[in-house]
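Hi there,

Here is the structure I promised to pass on. Please open it first, and then read my notes below.

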Amino acid sequence: MKKSVKSVLPATEIDIGGFPVKQALPKANFDQIDPFLLVHHGHAKYSDKRPAKQQGVGPHPHRGFSPVTFVIDGAVHHRDSRGNTQVAKKGEVQWMNAGAGIIHSERPSEEISKAGERQEIVQTWINTPAEMKMLPPKYYHLSEEVITKFESEDGKVKTNLIAGNYNELNGKIPTQSEMLVLWSKGEKGGFEKFDISAGYNTMLYLIKGSISIKGYGLVNAENLVVFNIEGDEIELSVKEDYTEFLILSGEPLNEKVAKQGPFVMNTETQILEAMRDYQMGKMGILIEED
């Protein structure tokens, strides 16, 4: 049974501390698509006039969820208070389980800064189940070489399996709840049918190009397609070359969510505790030396 489209949400520009991004989620009437809390699409042009460490997003804390960054173009230099420092290039993924608390920064790499190149990313926030929110943080980097891949029968839609299991394939990220995260690229005329577990909340974010979803019709770039929970497959055809999209699908946690800035917990008291712990230095310190 095909999943039907519930709504299509356009990504609209917002400002986050002077850093403009296009926000597809949350929206009015769609505070979350449990367990997914946020979808941001960012474009930036960096300058060779300033060091890379003075550009991008500086050190900031997180607790209680996983920020996941897909590098569409350019490169992102992740540093955190657990000692991780890693540059993810085009086609790669940074996945961080913030757990009990971590401080990280998201800068351009030195190379793209010196060259004055552009960077494009999509970031999603994935909620963590209540019983796992206070586990130690974990950081994962998926290079292009290690990502599990598959393609459509016609060879025109190529998909990276980022997390979860698909048919007999396994994603490399050990997730904290049941989910499927796919990153696909297609050329005009390509067709693919994606099998999605029944009972999963599912959405598709179209990064570039255009597609036609069977049973719905045309979807253009920078739109988030939210599906009804019923059904277990999505059929689509690609209408333009260089089309690129994400499929984010997960079993709902069905837990109370309390959010305040960079913290996602289950109660307001836990949010206040997160703020206190951050101010007391319990999430560590990040000094960007490298």
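In which sense do strand S1 and strand S22 pair, and over how many bridges? Strand S1 (residues 5-10) and S22 pair in the antiparallel sense, over 5 bridges. Two strands pair if DSSP finds at least two bridges between them. Within this pairing, Pro 10 stands opposite Asn 223 in S22.

Before going further, a word on the model: it is predicted, so local features need pLDDT of at least 70 and side-chain atom pairs count only at pLDDT 80 or more, while totals for chains, interfaces and linings use all residues. Residues are numbered from 1 along each chain as its sequence is written, and side-chain values use heavy atoms, with hydrogens and water left out.

Let me stay with S22 for a moment. Strand S19 (residues 201-208) also runs antiparallel to S22, joined to it by 4 bridges, and here Met 203 stands opposite Val 226. S22 spans residues 223-227 and is mostly covered, with 5 of its 5 residues buried (buried means under 20% relative accessible area, with a 1.4 Å probe and protein chains only). Asn 223, Val 225 and Phe 227 point one way from the strand. Leu 224 and Val 226 point the other way, and all of these residues are buried.

Now for the protein as a whole. The model holds 2 helices and 26 strands (DSSP runs numbered from the N terminus: H or I of at least four residues for helices, E of at least two for strands). The radius of gyration is 19 Å, close to the 19 Å that the globule rule gives for 290 residues, so the protein is as compact as a globular protein of that length. That radius is taken over C-alpha atoms, and the rule is 2.2 Å times the number of residues to the power 0.38. The C-alpha trace spans about 55 × 45 × 35 Å along its principal axes. Of the 290 residues, 56% count as buried. Among contacts (heavy atoms within 4.5 Å) between residues at least 6 apart in sequence, 72% join residues at least 24 apart.

One more place to look is an open sheet of 4 strands, with antiparallel pairing in the order S5-S10-S7-S8. Its edge strands are S5 (57-62) and S8 (85-89), each of which pairs on one side only. Inside the sheet, 5 bridges join strand S7 (residues 75-80) to strand S10 (residues 102-108), and Arg 79 has Ser 105 in S10 as its bridge partner.

Enjoy exploring!

Best wishes

Key
Buried < 20%, exposed > 50% of the residue type's maximum accessible area, 1.4 Å probe, protein only.
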